[in-house]
Amino acid sequence: MCGIIGYVGKRIADRVLIDGLKKLEYRGYDSAGISVFRDNKIELFRKVGKIINLETELAEKGLNSRIGIGHTRWATHGKPTEKNAHPHISHSKKIVVVHNGIIENYQQLKKKLPASYKFISETDTEIIAHLLEYYYIKLKKDKNISTQNKYLLAMQKTISQLKGSFAIVIMFSDNQKEIFAVKKDSPLLLGIGINEMFITSDITAILSYTNRSINLEDGDFIVISKNKYKIFDKDGKETNRKINIAQIDTNVTEKSGYKHFMLKEIHEQPQIIEDIILTKINRENNEINFRDLNLSKKDINNISRVIILACGTSYHAGLIGKFLIEDLAQIPCEVDVASEFRYRSHNRVIDKDCFVIAISQSGETADTIASFNEIKKLKPKNLMICNVINSTLTKKADNVIYTRCGTEIGVASTKAFTSQLCILFLVSLFLGRQRNILNDKRYNEIICELLKIPQKMKNTIDSITPVMEYWGKHFYQKNSFLYLGRNINYPIALEGALKLKEISYIHAEGYPAGEMKHGPIALIDENMPVLTIATESNVYEKVASNVEEARARNGKMLVIATEGNKIIKNIADFVCFVPKTLDILSPIINIIPLQFLAYFIAEMRGCDIDQPRNLAKSVTVE
Ligand code: M6R
């Protein structure tokens with residue numbers, strides 16, 4: 001979603017800003033802009049579309065400012081136009097701001113300003129610039145307040161009016177040395193360099209300049225200059241915050257020879273899963289080791305119910321988690337889309353013996369944060385499964401297990417999903433073991449098969465790539481797809497359909513195979529590809545019957561089946577074989593062909609695979 005970068009220091013600011021904005025491209029955006037000083041005046045440069053448009057315009061300007069702010073915008077209030085792009089400038093052009101988040105009461109606030117304040121954009125952000133100026137002009141007249149305090153007081157007064165979430169970065173036209181910022185419920189961090197300082201919403205933007213950063217806390221105000229930074233807490237008291245040293249992995253933002261990040265990330269999956277398994281399982285006794293999970297055996301035995309909260313792909317992982325938790329730990333489990341959960345009334349049905357698991361790749365998803373905040377009021381035991389270290393959700397949870405799959409750049413989630421599945425699998429096994437549900441024999445059989453999964457994933461990638469490329473060429477012109485699965489592979493149908501929608505813009509629907517005859521069967525004719533996950537399981541025969549039903553309506557039957565299945569060819573038009581494994585582990589393998597299929601179809605259609613239209617990597621607004 002929106003991205004922020006601010007810079008003050010020894011370098012030419014617009015170059016640093018453009019470089020940083022490019023690193024933020026993966027988050028999804030539809031316009032971009034920067035603001036720097038030229039001839040002692042604040043100037044704005046904004047463009048719709050890709051950053052390259054902005055970069056091309058700036059190349060001819062010969063700018064020399066050593067201070068500036070920049071933004072990538074993902075439209076919420078107002079279309080992606082130049083006027084709506086950030087930065088936004090105040091009424092008399094004294095103050096310029098970039099903003100992530102949403103100001104919910106911007107319409108009401110507009111009415112409070114004098115009529116002379118003209119609004120140029122349709123955004124909720126512009127009000128911030130005008131309000132700041134309104135207060136700053138008043139404060140400027142007061143001889144008893146120091147200039148620096150005037151900036152901070154104007155910010156404090158403005159912020160006290162705002163409802164919603166925000167990370168705001170500000171420059172004042174009468175101050176070419178400092179950048180100001182404030183945050184609430186939207187990430188913002190300070191980067192500390194040598195003779196230079198940065199401010200950003202995502203560390204990726206500044207990692208090529210510095211690995212030293214400070215995560216700001218809600219209510220923090222900051223001031224940065226070339227050699228100095230100051231942080232004030234929500235009460236205005238100057239404060240210190242811990243400096244983090246990031247591990248710079250240059251591989252993260254490189255495609256390493258792959259055409260797209262998504263393709264690279266699909267290929268990384270076997271290694272990631274192997275790393276997770278080997279760090280969490282003690283190979284001497286096969287026991288699972290969750291050092292960070294602060295739950296006693298008694299706590300675990302007392303769990304009455306598990307509630308999983310997540311959005312998008314993480315929600316699909318949660319749906320699979322339900323099967324695993326109910327099967328391996330025999331605890332009832334429900335899974336909720338976070339945006340739905342947050343507005344339901346739960347007080348009556350949630351008690352302290354519920355165990356809440358929130359799942360999020362980014363740890364910044366607004367709906368997941370809000371639903372987690374809601375449920376935490378009821379004080380259940382809780383766990384966060386997350387990829388991004390120190391993200392907002394990880395700070396709210398009592399227990400955190402990191403998926404550690406590395407930065408996921410492709411907007412369509414792939415490696416984050418399989419790593420979430422692997423963690424959920426281990427958590428379920430761990431709970432089952434602690435509750436004495438799994439005897440040694442079954443437990444060891446499962447672990448033994450789990451250890452083979454990375455190699456099976458590798459084999460799957462090798463064997464199915466050409467098959468999916470062929471399917472992609474064959475089906476890329478279709479308008480619609482139906483994905484079917486049953487039991488633990490029903491969420492895989494949902495996830496496969498989501499991948500196709502996201503990156504190829506083809507309509508795709510995931511459905512429980514047995515439910516097809518209750519409606520979607522009406523859609524099936526010779527133009528409808530029906531992709532069914534029919535790997536070996538206790539419902540295989542049932543799924544095969546569903547394939548027959550769809551075939552009888554002339555659907556084009558694409559089937560994911562287990563190697564060695566000799567009869568599937570009789571009922572399928574196209575078959576993709578995957579290695580045999582336990583049903584409870586099959587989703588982690590079965591998703592791979594569906595990721596590839598979406599990829600190859602999108603490639604054939606010439607889509608922007610890593611940055612699909614309208615999508616954002618982390619959805620930080622409601
Ligand atoms: O960062 P999160 O896991 O909380 O994100 C949730 C969804 O926004 C995300 O999974 C989204 O659906 C992806 N684009 C899926 O590929």
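The sulfur of Cys311 lies 13 Å from the closest cysteine sulfur, that of Cys386, and is therefore too far away for a bond. Cys354 is likewise in no disulfide, its nearest cysteine sulfur being that of Cys333 at 11 Å. The structure as a whole holds zero disulfides, a disulfide being a pair of cysteine sulfur atoms within 2.5 Å. Cys354 counts as buried, with a relative accessibility of 0%; here buried means under 20% relative accessible area, exposed over 50%, and partly exposed in between, with a 1.4 Å probe and protein chains only.

The structure is a predicted model, in which local features need pLDDT of at least 70 and side-chain atom pairs count only at pLDDT 80 or more, whereas totals for chains, interfaces and linings use all residues. Residues are numbered from 1 along each chain as its sequence is written, and side-chain values use heavy atoms, with hydrogens and water left out.

The surroundings of the ligand were examined next. The ligand is surrounded by 14 residues, of which the closest are Ser314, Ser360, Ser362, Thr365 and Glu502; a residue is taken as near a molecule or strand if one of its heavy atoms lies within 4 Å of it. Helix H8 (312-329) and helix H14 (490-504) each supply at least two residues of this shell. H8 gives the largest share, three residues. Helices (H or I, at least four residues) and strands (E, at least two) are DSSP runs, numbered from the N terminus.

A polar side-chain atom of Ser362 is 2.7 Å from an oxygen atom of the ligand. For Gln361, a backbone N or O atom lies 2.7 Å from a ligand oxygen atom. At Val411, a polar backbone atom is found 3.2 Å from a nitrogen atom of the ligand. Of the 410 Å² of accessible area that the ligand has on its own, the protein covers 91%; accessible areas come from the Shrake-Rupley method with a 1.4 Å probe, and for residues only the protein chains shown count as cover.

The space taken by the ligand is the second largest pocket. On a 1 Å grid over the protein atoms alone, a pocket is an open set of points with protein on both sides within 12 Å along at least five of seven lines, whereas in a cavity a 1.4 Å probe fits but cannot get out; lining residues have an atom within 4 Å of a point. A molecule sits in either if more than half of its atoms lie within 2 Å of its grid points.

His86 and Pro87 are joined by a cis peptide bond with omega of about -5 degrees, and Pro87 is placed in the loop between strand S4 (67-73) and strand S5 (88-89). Asn390, a residue other than glycine, has a positive phi near 65 degrees. Asn390 belongs to the loop between strand S19 (381-386) and helix H11 (392-396) and is partly exposed, at 32% relative accessible area. Arg404, also not a glycine, has a positive phi of about 50 degrees. The loop between strand S20 (400-402) and helix H12 (415-434) contains Arg404, which is exposed, with a relative accessible area of 56%.

Separations along the chain and in space were also compared. Gln455, in helix H13 (residues 440-475), is partly exposed at 45% relative accessible area. Between Gln455 and Gln271 there are 184 residues of sequence separation but a C-alpha to C-alpha distance of 8.9 Å. Leu207 is situated in the loop between strand S10 (196-200) and strand S11 (212-215). The C-alpha atoms of Leu207 and Lys141 are 41 Å apart, with the two residues 66 apart along the chain. Ile571, in the loop between strand S24 (556-562) and strand S25 (574-578), counts as buried at 10% relative accessibility.

Note on methods: Polar contact = N/O pair within 3.5 Å; in protein donor to acceptor, adjacent residues only side chain to side chain.
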